[in-house]
Amino acid sequence: MNTVSRSDSMRRDGRVTGGPTREIVGFAAAYPELDCDAVDYEYLRAVSQDMVPFGRHVGTLITDISPERAVVEIPAVDTVRNHMGTVHAGALFTAADIGGAAAFVGAAATRLDTVERLVLRAGTASYRKPAVGRIRAIATVDQRELAEVLAATASNRFELSGKAVLLDDADVVVAKFTFDYVCDIAITEADQ
């Protein structure tokens, strides 16, 4: 598990605590320069881009992370095509999966320092049309469920769902995915 240390000298409400350095684990450790009070979404995008080696292998590119959504592209290259000349289902799933995780990162950015882990528990795929050329996965997380995560005042495990719609360059839906996640939140005294 990734860990970093960060001083708890200032709380979310701006009060100085003068507290000790605390160990940050999980998602927060992956984003050591994240300021949850002034989120830099380009920073989140850049760090997230390099986080999943398999995504690099497939060639996915995270082009946008925001509080509302994430966008991941699959380039129009031969290495992601199957024997029929369309984008391989595995590449489509990879883009949707990375998009879902990136959508969570953007949506939970202001509380990312309390997220211990986000784990994909289940996913469903619906392939609608042949995927040809550059493909964009536009992913979101359920805002109602996310609100519960963001409002957490004690360590807890949450269930969270997400979805991704994959479009070709003509904005034709080529696939839809749904995801079920488990999200663990670790709240310390300094977070309250």
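Visitor: Which residues does Thr 60 touch, not counting residues up to four places away in sequence?

Guide: Residues are numbered from 1 along each chain as its sequence is written, and side-chain values use heavy atoms, with hydrogens and water left out. A contact means heavy atoms within 4.5 Å. On that basis, Thr 60 touches Gln 49, Gly 55, Val 72, Glu 73, Ile 74, Thr 94, Ala 95 and Ile 98.

Visitor: Is Thr 60 buried or exposed?

Guide: Thr 60 is found in the loop between α3 (53–58) and β3 (61–65); helices (H or I, at least four residues) and strands (E, at least two) are DSSP runs, numbered from the N terminus. A residue counts as buried under 20% relative accessible area, as exposed over 50%, and as partly exposed in between (1.4 Å probe, protein chains only). Because its relative accessible area is 7%, Thr 60 is buried.

Visitor: Which elements hold Glu 159 and Arg 121?

Guide: A salt bridge is a side-chain nitrogen of Lys or Arg within 4 Å of a carboxyl oxygen of Asp or Glu, and Glu 159 forms one with Arg 121, the closest N and O atoms being 3.3 Å apart. The two residues are 38 places apart in sequence, so the pair ties together separate parts: Arg 121 lies in strand β5 (residues 115–127) and Glu 159 in strand β7 (residues 156–167). The elements asked for are thus β5 and β7.

Visitor: How many residues apart are Arg 134 and Asp 169?

Guide: The side chains of Arg 134 and Asp 169 meet in a salt bridge, at 2.6 Å from N to O. Arg 134 lies in the loop between β5 and β6 (135–141), and Asp 169 in the loop between β7 and β8 (173–185). The pair links distant parts of the chain, and its separation is 35 residues.

Visitor: Why does Arg 81 count as partly exposed?

Guide: Arg 81 forms a salt bridge with Asp 78, the closest N and O atoms being 2.1 Å apart. Asp 78 is exposed, with a relative accessible area of 60%. Arg 81 counts as partly exposed because its relative accessibility is 34%.

Visitor: Over which residues does pLDDT stay under 50?

Guide: The protein averages a pLDDT of 87, and 85% of the residues score at least 70. Where pLDDT is low, the predicted coordinates should not be read in detail. The model has 53 contacts beyond four places in sequence for the stretch where pLDDT stays under 50, namely residues 1–22.

Technical notes: Predicted model: local features only at pLDDT ≥ 70, side-chain atom pairs only at ≥ 80, totals over all residues. pLDDT = per-residue confidence, 0-100.
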